[in-house]
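The sequence and the model are shown first.

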Amino acid sequence: TTSTFQLVLRFFWLLLSFPVFLFGFINNFVPFYACELPKRNLQDKMFTSTINFGVSVIVMFPLCYLLLFVLVALISHSCLFSLGYLVASFITIFVQYGWRKYAIKTLSLCRYHRYERGKNALLAKIKSARQSILSNLGL
């Protein structure tokens, strides 16, 4: 089980890393969510991953990054700064994804911790059933 101190440390880490997440979210919002519009009108849901890959990866990421590079170069008057900004934007895709997963996991742990501290009857039954299953399997 996760202690209260560990949860506080997780929230502190999320708070410290939030600016990097926000940078990545702002710079990568359009390429990530551009595929949502065509998916609304799909009759066959089997094409969802095709639309995700086709619209986001093949079309929107190169187009948005080219536009971002030109826009930052025009504003900063420096191609080197623009290239650095482009690399930082690309790297923060992975930071944004990892931060989001970590935040979801932290909120889930917080909810579990709250139920555990509140002596939730349903949680006690679930833990008992889990222990019974594991003992039957010999684990």
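## Basis and helix packing

Axes are lines fitted to C-alpha atoms, for helices over the stretch in contact, and angles between N-to-C directions run from 0 to 180 degrees. Helices are DSSP runs of H or I with at least four residues, numbered from the N terminus. The model is predicted, with local features requiring pLDDT of at least 70 and side-chain atom pairs pLDDT 80 or more, whereas totals for chains, interfaces and linings use all residues. Residues are numbered from 1 along each chain as its sequence is written, and side-chain values use heavy atoms, with hydrogens and water left out.

Helix H1 (residues 4–33) and helix H4 (residues 79–117) have axes that come within 6 Å and cross at roughly 140°. H1 and H4 are therefore oblique to each other; angles under 35 degrees count as roughly parallel, over 145 as roughly antiparallel, 65 to 115 as roughly perpendicular and the rest as oblique. In the contact of H1 with H4, the residues divide into 20 nonpolar, 10 polar and three charged. Here Ala, Val, Leu, Ile, Met, Phe, Trp, Tyr, Cys and Pro count as nonpolar, Asp, Glu, Lys and Arg as charged, and the others, Gly among them, as polar.

Relative accessible area is classed as buried under 20%, exposed over 50% and partly exposed in between (1.4 Å probe, protein chains only). Thr106 lies in helix H4 and is buried, with a relative accessible area of 0%. Its C-alpha atom is separated by 16 Å from that of Phe21, 85 residues apart along the chain.

Leu68 belongs to helix H3 and counts as buried at 15% relative accessibility. Between Leu68 and Leu83, the C-alpha to C-alpha distance is 9.7 Å, and the two are 15 residues apart in sequence.

## Cysteines

The whole structure contains zero disulfides, a disulfide being a pair of cysteine sulfur atoms within 2.5 Å. For Cys79, the closest cysteine sulfur is in Cys64, 19 Å away and too far for a bond. Cys79 counts as exposed at 54% relative accessibility, and Cys110 as partly exposed at 29%.

His77 is placed in the loop between helix H3 (48–76) and H4. This residue has a positive phi of about 60° although it is not a glycine, and His77 is exposed, with a relative accessible area of 72%.

Helix H5 (residues 121–137) has 17 residues, which should span 24 Å at 1.5 Å a residue; its end C-alpha atoms are 25 Å apart, which agrees. The expected span is 1.5 Å times one less than the number of residues.

Conventions: Helix = DSSP H or I, 4+ residues; strand = E, 2+ residues; numbered from the N terminus.
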